[in-house]
Amino acid sequence: MLALEVKNLSKKYENFHLDDVSFQLEKGYIMGFIGANGAGKTTTIKSILNMIRIDSGEISVLGKNFIEHELELKQVIGYTFGGVNYYTRNKVKHVTNVIKRFYDNWEEETYINYLKRFNLDENKKIAELSEGMKVKYNLALALSHGSKLLILDEPTSGLDPVARDNLLDLFQELVEEGEISILFSTHITSDLEKCADYITYINNGKIINSCEKEEFINTYRLLNGNESQLEKVKEHLISYKKNSFGFTGLIHDLDFDPALNIKSARPNLEEVMIYFSKREDMYV
């Protein structure tokens, strides 16, 4: 069964268009959702959760149409957004007492365990929490009501490297038994290289690629060559940068000709994003 299926999702704003977005997340896996700021990640996530009224498309969660079964499905979805602020003068425990009433399957013991794991003091006021602690608190809430699908928008933002690494370990633990699935939006691509099974890349409102992580990386090559070699491959490059040695450019693997003897390597996720973004700049 698919944990999440997005079909032909479209939403038009005056200066931005989410254009025919489609991807699938299999049950029991982690999908990294990547793209530059403004590419459409948060708009897509809010559309999935019916926080934005879409123009067209269909969203299914655990095999059920989300719009038709919204209240039922939100019981088994945990989600976090960056920048969400609760009433800052309230203590953590008071906020939790309000939020947990919305969930039929609230697990108090699980919640307490996450507070301990994240070193969260429920007697602190929200205003006293650092940005990193707010992220952890949001995650504790999302993980404490039997969620089968976690939708996390920039969950590691504001965390120090050690805390981020611990969180990624937690994500991998959660999906081990195959019952929980995670859609994980981030601009910190190194996090995804550690924990993601699938990558979906959105650029300027369109899905560029959505597949297994290794397949995603193997779709592209990063070339390094001299100026004369650039002339031979320029028309096939996604984009390129000139440098003192010649050029560095990104190309689809299918367009690469080994007979040209140009030095090549597999790019990382960040490099793929940079060169697709540079393509937009080159052709504006």
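E215 comes out as partly exposed, with a relative accessibility of 48%; here, buried means under 20% relative accessible area, exposed means over 50%, and partly exposed is in between (1.4 Å probe, protein chains only). The model is a predicted one, in which local features need pLDDT of at least 70 and side-chain atom pairs count only at pLDDT 80 or more, while totals for chains, interfaces and linings use all residues. Residues are numbered from 1 along each chain as its sequence is written, and side-chain values use heavy atoms, with hydrogens and water left out.

E215 sits in helix α8 (residues 213–218); helices (H or I, at least four residues) and strands (E, at least two) are DSSP runs, numbered from the N terminus. Together with E26, E212 and E214, E215 makes up a patch of negative charge on the surface. Patches take in residues with over 30% relative accessible area and no salt bridge, joining like charges within 9 Å and nonpolar side chains (Val, Leu, Ile, Met, Phe, Trp, Tyr) within 5 Å. Asp and Glu count as negative and Lys and Arg as positive, with His and the chain ends not counted. A charge is placed at NZ of Lys, CZ of Arg, CG of Asp or CD of Glu, and accessible areas come from the Shrake-Rupley method with a 1.4 Å probe, where for residues only the protein chains shown count as cover.

As for the chain overall, it has ten helices and 14 strands. Along the principal axes, the C-alpha atoms fill a box of roughly 65 × 40 × 40 Å. Of the 284 residues, 48% are buried.

Helix α1 (residues 41–48) has six of its eight residues buried, so the rest of the structure largely encloses it. The buried ones in α1 are K41, T43, T44, I45, S47 and I48. After α1 comes N50, in the loop between α1 and β4 (56–61). N50 is not a glycine, yet its phi is positive at about 60 degrees; its relative accessibility of 30% makes it partly exposed. L62, in the loop between β4 and β5 (64–65), is another residue other than glycine with a positive phi, near 50 degrees.

V95 belongs to helix α3 (residues 92–99) and is buried, at 6% relative accessible area.

E72 and K64 pair up at 2.4 Å, N to O. E72 is partly exposed at 42%, and K64 is partly exposed at 32%. E173 and R117 also form a salt bridge, with their closest N and O atoms 3.1 Å apart. E173 is in helix α6 (residues 161–175) and R117 in helix α4 (residues 108–117), so this pair ties together parts 56 residues apart in sequence. R221 bridges to D253 at 2.7 Å between the closest N and O atoms. With R221 in strand β11 (residues 220–225) and D253 in the loop between β13 (246–252) and β14 (263–265), the pair ties together parts 32 residues apart in sequence. Elsewhere, salt bridges with shared partners join D165, D169 and K194 into one network.

Key
Salt bridge = Lys/Arg side-chain N within 4 Å of Asp/Glu carboxyl O.
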